[in-house]
Structure formats: C-alpha cells, structure tokens
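This report goes through a few features of one protein model, from its surface to its pockets and charged pairs. Keep the sequence and the structure at hand while reading.

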Amino acid sequence: MAGLKELRTRIGSIKSTQKITSAMKMVAAARLRRAQDVLAKSQQYSEDMLTVAGRLYKEMRQEESENDLSYVFPRMLMEPENPLQYLLVVFSSDRGLCGSYNSYVIREAMRRIKELRQDGKQVKVLSIGKKAGDALRHRLPDLEVEILAGVAAKGADFKELQEICERILKSYTDKEFDVCEVVYTHFASAINREVRVQRYLPYHIDIEDPRFDNISNRAFFEYDAPKQKLLVDVLLMLMTSVFFQDLLNAQASEHGARMTSMDNATRNASDMIAKLTLKYNRLRQTAITTELIEIISGAEAL
C-alpha cells in the first residue's frame, strides 16, 4: 500500500500546483488587458508628437535651403559620422514563469552585441528587468551591464519612464555614447509577438513623409515660440513617448507569454492528475482483489 500512499501525495501536490498556475494565469490575463488598454491609448499620443516634430523639422530644413539660414539642430537628430560607443537598452522581465519570452530577448541581445563587436564597436547594456541583465553578465563577463529592476512593477508609469528617458538623453548629450538601440518585444497578440532591435538615438525623421507637410486638410500651422526651442521641447516629449511605447509592448508581451505559459501548465497538470488517478485506481483495485483472494483461499483451507 506504500505505492498508493505515494500516488495520493503526488496527486495532492499536483493539484496544489494547478491551483497556483490557474491563479497566475488569471492575474496575467488581467494585467494583459490593462497593458493593452494603455498601449492602445498611448499610440495616438506618440503619433501626434511625431507629426508635430516632423513638421517642425521639415520646415526648418526647407527654410535652410530656401532662405540661406542655418539652424543648430539637437544632437538627438544628428547622425554621428563614425559611431563607436553603443548603448543597448534591453527590456526583459524581473521574474520567470513566462515561457520563452526572456530567452528570445536574451538571444536577440546576444546576437546584436556580437554583431556590433565584430564591427569594432564598444557596447554597454542597460537592462530594464533582471532576467536579461543577469544572463548577459553570466555569458559575457567583460560586458558592462547595468540592471534596473522593479521598473513598472505595479504597471506602466509614465513619470517613472520619463526619469529613465531623461537620464539616457542626458548621457547622450554628454557624449557618453554615440548610438542607442532598444531590444524589446513588439506585441501583436497574446500568442504572437516579435523581438525587435530599434534605433532610439539618434532619432530618424523622414522629412519626405507627406504627413509632415505644413498644410494638412487646408489647415495652416503657425508657431508662437521660436521653432528651434519648440523642436527641442517636442523632441523630449516624443522620445519619452517612444520609450514608453517600447515598455508597454514589452509588458504586454510578458503578460501574454505568462498567461499562455500558465495555461499550458494548468492543462498539463490536469493531464498528469488524470493519468495518476487512473494508475492509483488500478493499484487500489489490484490490492483489493489480492486481499479478497487471500480471504477466500484462507476460508477454503479451513
């Protein structure tokens, strides 16, 4: 009967685990819905900021060519001649139990770091999330890695991201690095996401884009403040919104991956419980049959 006791203990343990994974799935689903709502609402703001910045930048470029003017543009728009120092910002999670989400991010970050080093570039990493930072430190001991853990632990906070973004922009202005790239997971759905490497600084604005024309739907735009100062202010808001969008995509992808992973774990636990219960019932039936045979044999002997 020792085998029966072990099976009962194992079935009880799996049932307890199943309750945990089921609860984690529901929590992840709730957080995913919130992240999706914020992502959808913030996309329009980011697009509007890009439109304003693009319109200003295009006008200033046109004035330079037409009126023999010369503007001093922000460094965040100017392409460096020979970039050597790269900052790689990697978005990952602080916790596990989210399937292959972190492994794909780490793999893409490793690929990009090796690619840059082969081109003779120097790379340092800012990891927003412990998982990627710890993995990169372990695999590349000579790599300079800074980890920011607990970012947006209670949900995406624009002010919190604004502080990080301002710090990156200050470092860029102080010429601590030449190019900043972001490794993040673009969210499409709970089961569909893609790891991307995106140039963050210097930011590229395509002035040939027709949406940056000054006249749109017969509306002509004028500016009270000097265009040069206004461009700097708008660019700061634009860069923060772009960074915030990357975080929201990463968070939604993490919650979607965790929800899917916990759903699979819950299903697997149900399958294991069913198999172990069947095995338990067969062993119990065998034990009862054996006892009955022993009783009948003893009665016949008497």
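## A nonpolar patch

In this report, a nonpolar patch is made of residues with over 30% relative accessible area and no salt bridge, whose nonpolar side chains are joined within 5 Å. The model described here is a predicted one. On its surface, Ile288, Leu292, Ile295 and Ile296 form such a patch, and together they have about 370 Å² of accessible area.

One of these residues, Ile295, belongs to helix α5. Its relative accessible area is 56%. Because exposed means over 50%, Ile295 counts as exposed.

Rolling a probe the size of a water molecule over the atoms shows where empty space is left. The largest pocket has a volume of about 440 Å³. It is lined by 25 residues, and those closest to its centre are Ala152, Ala153, Gly155, Gln251 and His255. Helices α1 (2–67) and α5 (227–301) each supply at least two residues of this lining, and the largest share, six residues, comes from α5. Sorted by class, the lining of the largest pocket has 12 nonpolar, six polar and seven charged residues.

The second largest pocket holds about 300 Å³ of space. Among its 16 lining residues, Ser46, Glu47, Gln198, Val242 and Gln245 are the closest to the centre. Two or more residues of this lining come from each of α1, β4 (179–189), β5 (192–201) and α5. Here too α5 gives the largest share, with five residues. The lining of the second largest pocket divides into five nonpolar, six polar and five charged residues.

## Backbone details in loops

The peptide bond from Leu201 to Pro202 is cis, with omega near -5°. Pro202 is in the loop between β5 and β6 (215–216).

Two residues other than glycine have a positive phi: for Leu97 the value is near 55°, and for Lys175 it is near 60°. Leu97 lies in the loop between β1 (85–91) and α2 (101–118), while Lys175 lies in the loop between α4 (158–173) and β4. Are these residues buried or exposed? Leu97 is exposed, at 53% relative accessible area, and Lys175 is exposed at 61%.

## Salt bridges

Side chains of opposite charge can pair when their charged atoms come close. The structure holds 16 salt bridges. One of them joins Asp178 and Arg75, with the closest N and O atoms 3.8 Å apart. Asp178 is in the loop between α4 and β4 and Arg75 in the loop between α1 and β1, so this pair ties together parts that are 103 residues apart in sequence. Asp178 is buried, at 18% relative accessibility, whereas Arg75 is partly exposed, at 25%. Another salt bridge joins Glu79 to Arg199, with the closest N and O atoms 3.2 Å apart. Glu79 is in the loop between α1 and β1 and Arg199 in strand β5, 120 residues apart, and the pair links these distant parts of the chain.

In the salt bridge between Arg112 and Glu115, the closest N and O atoms are 2.3 Å apart. The two residues are three residues apart in helix α2, so about one helical turn separates them. Arg112 is buried, with a relative accessible area of 14%, and Glu115 is partly exposed, with 31%. Salt bridges that share partners join Glu108, Arg111, Arg112, Glu115 and Glu181 into one network.

Technical notes: Residues numbered from 1 in each chain as written. Predicted model: local features only at pLDDT ≥ 70, side-chain atom pairs only at ≥ 80, totals over all residues. Heavy atoms only, no water. 1 Å grid on protein atoms, 1.4 Å probe; cavity = no way out; pocket = protein on both sides within 12 Å on 5 of 7 lines; lining within 4 Å. Points joined across faces, edges and corners; volume = space filled by probe spheres on them. Helix = DSSP H or I, 4+ residues; strand = E, 2+ residues; numbered from the N terminus. Nonpolar A, V, L, I, M, F, W, Y, C, P; charged D, E, K, R; others polar. Buried < 20%, exposed > 50% of the residue type's maximum accessible area, 1.4 Å probe, protein only. Patch = residues over 30% accessible without salt bridge, like charges linked within 9 Å, V, L, I, M, F, W, Y side chains within 5 Å. Areas by Shrake-Rupley, 256 points an atom, 1.4 Å probe, with all protein chains shown as cover. Salt bridge = Lys/Arg side-chain N within 4 Å of Asp/Glu carboxyl O.
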